[in-house]
Amino acid sequence: MPIILVLCLFLGVAVAQWDANTLDNRQVMVHLFEWKWKDIAKECENWLGPNGFAGVQVSPPSENIRINGRPWYERYQPIGYGLNTRSGNEAEFKDMVNRCYKAGVRIYVDAVINHMAASNPDGNGAYDFWRVPYSSSDFNGPQNKCPTPSGIDYSNKYSIRNCDLVGLKDLDQGRNWVRDKIAEFLNNLIDMGVAGFRIDAAKHMWPGDLKAIYGRLKNLNTKFGFPSNARPFFFQEVIDQGGEPVTADEYLNTGRVTEFKYGLELARGFHRQNLLKWFKNFGEAWGFVPDYNSLVFIDNHDNQRGHGGAGSIITHQSPRLYKMANAFMLAYPYGFTRVMSSFSFSDPNSSPPQDSSGNIISPIFYSDNTCGNGWVCEHRWRQIKNMVDFRRVTVGQSLKNWWDNGSYQIAFGRGNKGFIAINNEDFQLSQTLQTGLPSGTYCNIILGDFKNGKCTGPTVYVNGSGYAKFNIAGSGNDDPVVAIHVNAKQ
């Protein structure tokens with residue numbers, strides 16, 4: 001009996017650490033990069049909630065330094081923990097969280113707690129962050145804890161974790177004062193109803209320090225539909241592509257980690273640098289962190305700009321490949337998934353869309369549900385939006401009925417709930433395949449929607465034995481994917 005009790009307690013803690021705390025069994029978050037709080041609230045009500053999105057990762061809400069030209073990365077240079085940024089003020093943040101919750105959508109905060117800004121224009125000295133307050137004794141540099149003060153040496157774990165990241169003032173999270181102030185900041189957000197946090201630059205903080213900070217945090221606010229004793233969801237930014245002393249495995253007992261190898265390997269597959277037939281066991285067998293520890297994505301705000309372990313990742317700038325890669329991710333049973341929603345850029349350092357005064361401008365929406373005003377809104381692309389629903393419908397279903405042509409044509413099912421076929425060859429895919437689905441006529445959700453019991457696009461007929469014929473053109477086909485599921489059946 002004691003052994004069973006201990007095991008149950010351990011499992012309870014594990015679930016708490018990694019549970020995204022979503023509503024209605026929703027499975028996919030979207031990063032609305034640099035959106036205003038007011039616009040996120042509207043998007044929750046008008047698009048994300050009705051289309052089954054689980055949550056939104058929002059840009060850092062903490063007050064930040066203002067840099068000429070207002071580049072996006074100024075948001076990652078905090079000068080205090082007050083909630084006033086270009087995205088809005090504290091009242092607007094609270095309103096967003098509440099309205100999104102009512103729409104069935106959770107809010108996850110991008111928390112910058114590794115460092116403060118490289119400079120503090122209104123402080124009395126370089127380390128006087130009086131808004132918190134922090135002073136020189138709260139940083140690793142002035143305490144001579146950085147072994148390589150000229151810059152980070154990525155072969156030295158003490159340098160990675162105790163030195164300034166690109167000149168940003170590195171906090172000493174080993175100090176109780178620093179831990180308390182960070183916890184105070186995060187607890188304030190928990191009180192407002194957020195569901196969890198992306199921990200920026202987690203790789204640059206000691207795992208024991210993060211554990212101590214997380215242990216100071218409150219349970220989630222039950223006024224927002226969270227069960228009693230629910231813990232915040234943590235997904236920690238740890239860029240681990242091998243060859244360094246700091247690894248993702250060190251952070252697995254405090255939450256999920258952002259599995260950067262996932263998008264990189266998918267890019268290699270869809271760029272035809274690695275055969276898609278090998279993706280049958282994609283995930284842990286490829287050296288990734290365990291399924292229940294991972295948060296996965298095709299691209300993020302850093303690597304689509306060539307930062308953060310970039311490589312040959314796929315972005316919205318290659319829409320055909322991007323839609324295919326997202327379809328695979330949202331169909332394949334590994335990790336908690338995040339889709340990206342970008343703004344257009346040619347200069348990687350550019351600001352989000354802004355007016356002449358530096359204020360972020362809102363996206364505009366067209367009759368086909370796409371957007372403009374400098375915004376890309378990949379989460380509104382039909383091919384991605386409908387695959388978000390596919391993932392919700394098939395959650396918990398195992399991989400079944402894998403097929404491949406020995407190269408770049410693949411297909412697989414999710415139990416008896418969904419099936420997808422992808423043609424990444426130049427020539428036609430023409431196969432009769434076992435789907436595992438009940439007999440009937442299904443919508444190809446890549447090319448149309450399921451509305452009022454009918455398909456607005458092409459259909460796929462599954463016979464009484466579960467077989468269906470798939471014909472997918474290769475090169476020249478903007479959408480060489482067919483996806484069907486039981487909730488989109490005529």
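In this predicted model, Asn373 is partly exposed, with a relative accessible area of 35%. Asn373 sits in the loop that joins strand E12 to helix H9, and its phi is near 70°, a positive value in a residue that is not glycine. The peptide bond from Val132 to Pro133 is cis, with omega near 5°. Pro133 belongs to the loop between strand E4 (115–116) and helix H4 (157–162).

Past the loop of Asn373 comes helix H9, which brings us to a pair of helices. Helix H8 (residues 319–331) and helix H9 (residues 382–394) pack with their axes 9 Å apart, at an angle of about 10°. Angles under 35 degrees count as roughly parallel, and H8 and H9 are therefore described in that way. On the H8 side, the contact is made by Tyr322, Lys323, Asn326, Ala327, Met329, Leu330 and Ala331, while H9 supplies Gln383, Ile384, Met387, Val388, Phe390 and Arg391. Sorted by class, the contact between H8 and H9 has nine nonpolar, two polar and two charged residues.

The buried residues of H5 are Val178, Arg179, Lys181, Ile182, Ala183, Phe185, Leu186, Asn187, Leu189 and Ile190. These buried residues pack against H3, strand E3 (106–111), strand E6 (196–199) and helix H6 (207–214). Just after H5, Gly193 takes a positive phi of about 105°.

Finally, Arg86 lies in the loop between strand E2 (55–58) and helix H3 (90–102). Is Arg86 buried or exposed? Its relative accessible area is 13%, so Arg86 is buried, the cut-off being under 20%. The side chain of Arg86 reaches the backbone oxygen of Gly358 at 2.8 Å, and makes a polar contact with the side chain of Ser351 at 3.4 Å. Leaving aside residues up to four places away in sequence, Arg86 touches Lys36, Arg70, Glu74, Ser351, Pro352, Gln354, Gly358 and Ile360.

Definitions and conventions: Residues numbered from 1 in each chain as written. Predicted model: local features only at pLDDT ≥ 70, side-chain atom pairs only at ≥ 80, totals over all residues. Heavy atoms only, no water. Helix = DSSP H or I, 4+ residues; strand = E, 2+ residues; numbered from the N terminus. Buried < 20%, exposed > 50% of the residue type's maximum accessible area, 1.4 Å probe, protein only. Polar contact = N/O pair within 3.5 Å; in protein donor to acceptor, adjacent residues only side chain to side chain. Contact = heavy atoms within 4.5 Å. Axes fitted to C-alpha atoms, helices over the stretch in contact; angles between N-to-C directions. Parallel < 35°, antiparallel > 145°, perpendicular 65-115°, else oblique. Nonpolar A, V, L, I, M, F, W, Y, C, P; charged D, E, K, R; others polar.
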